[in-house]
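Let's walk through this structure together, from the overall layout down to a few helix contacts. Have a look at the fold before reading on.

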Amino acid sequence: MTEPAVPAPAAAAPSPEDAAAASSRGLRPLLDAALSRAIAALAHDLRNSLGVVAMQVEAIAARSSVPAGDLRAIHGHAGVAGEHIERLADMTNALIAFARGRTSSDLTVIVREAAALVPLRPVTVEQVTAASVGVDPLLTRTAILEVLILALGSPAAPAFRILADASGGIVELTAGRALVPDESLEWVVQFRKLGGHLDATGDGLRLRFPPIA
């Protein structure tokens, strides 16, 4: 007599933690792409800063080769070179920290870390109220970095203003002109899909993040 088939055990449903981890892995390429664009946008700054360092080193070498060289001038050249080297180090460290995608949901922390990527540009951050968001931190980082890159090509220095209301966290970005992200970009699609809003303003852009559920 044939034994009845024993049904295979049902696959366990993924835990909320596993689902969140899988979602973050799926969003990682979006942050990597934003970081690549940021590096490309900052390449001009890097080249200029390295050029300044090279010029100061050449000046130090020239003055040092002369008997009784001008120590005050040498110290001045060294100071300028050191300042640019420090800024380049700050930029490198900021890129590494931002790329790691920390899990903070504090919108101000994320915006300040994005602004730190451009120490050679005058980017300001004003916090009006504390704001935590319910969007995955990797997507939040991607959105903030992408709009910062968009603003870097504007006539005015980018300025972030962070506030919150009952509908979630808000980032107002002013840059001297309306900023309109390409609606076909994947980060824009995902941001809207998860409840975020992007609205161009007369002099920039407003991002609205959903609150933590």
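Predicted model: local features only at pLDDT ≥ 70, side-chain atom pairs only at ≥ 80, totals over all residues.

Residues are numbered from 1 along each chain as its sequence is written, and side-chain values use heavy atoms, with hydrogens and water left out.

Let's begin with the whole chain. It contains 5 helices and 5 strands, where helices (H or I, at least four residues) and strands (E, at least two) are DSSP runs numbered from the N terminus. Along the sequence their order is α-α-α-β-α-β-β-α-β-β. Of the 213 residues, 37% are buried; buried means under 20% relative accessible area, exposed over 50%, and partly exposed in between, using a 1.4 Å probe and protein chains only. The chain exposes about 11,600 Å², an area from the Shrake-Rupley method with a 1.4 Å probe, where for residues only the protein chains shown count as cover. Taking contacts (heavy atoms within 4.5 Å) between residues at least 6 apart in sequence, 69% join residues at least 24 apart.

Now turn to helix α3, residues 107–115. Because 7 of its 9 residues are buried, α3 is largely enclosed by the rest of the structure. The buried ones are Leu-107, Thr-108, Ile-110, Val-111, Glu-113, Ala-114 and Ala-115. What do the buried residues of α3 pack against? Their partners are α2, α4 and the strands β1 (124–127), β2 (159–165), β3 (168–174) and β5 (204–209).

The crossing of α3 and α4 is right-handed. On the α3 side, Leu-107, Ile-110, Val-111, Glu-113, Ala-114 and Ala-115 meet Thr-140, Arg-141, Ile-144 and Leu-148 of α4. These contact residues divide into 7 nonpolar, 1 polar and 2 charged, with Ala, Val, Leu, Ile, Met, Phe, Trp, Tyr, Cys and Pro counted as nonpolar, Asp, Glu, Lys and Arg as charged, and the others, Gly among them, as polar.

Arg-141 belongs to helix α4. Is Arg-141 buried or exposed? Arg-141 is buried, with a relative accessible area of 0%. The C-alpha atoms of Arg-141 and Ile-110 are 6.4 Å apart, although 31 residues separate the two along the chain.

Helix α4 (residues 137–152) also meets helix α5 (residues 186–193), their axes coming within 10 Å and crossing at roughly 130 degrees. α4 and α5 are therefore oblique to each other, and their crossing is left-handed. From α4, Leu-139, Thr-142, Ala-143, Glu-146 and Val-147 make the contact with Trp-187, Gln-190 and Phe-191 of α5. The residues of this contact comprise 5 nonpolar, 2 polar and 1 charged.

Methods
Axes fitted to C-alpha atoms, helices over the stretch in contact; angles between N-to-C directions. Parallel < 35°, antiparallel > 145°, perpendicular 65-115°, else oblique. Left-handed = near helix turned anticlockwise from the far one by under 90°.
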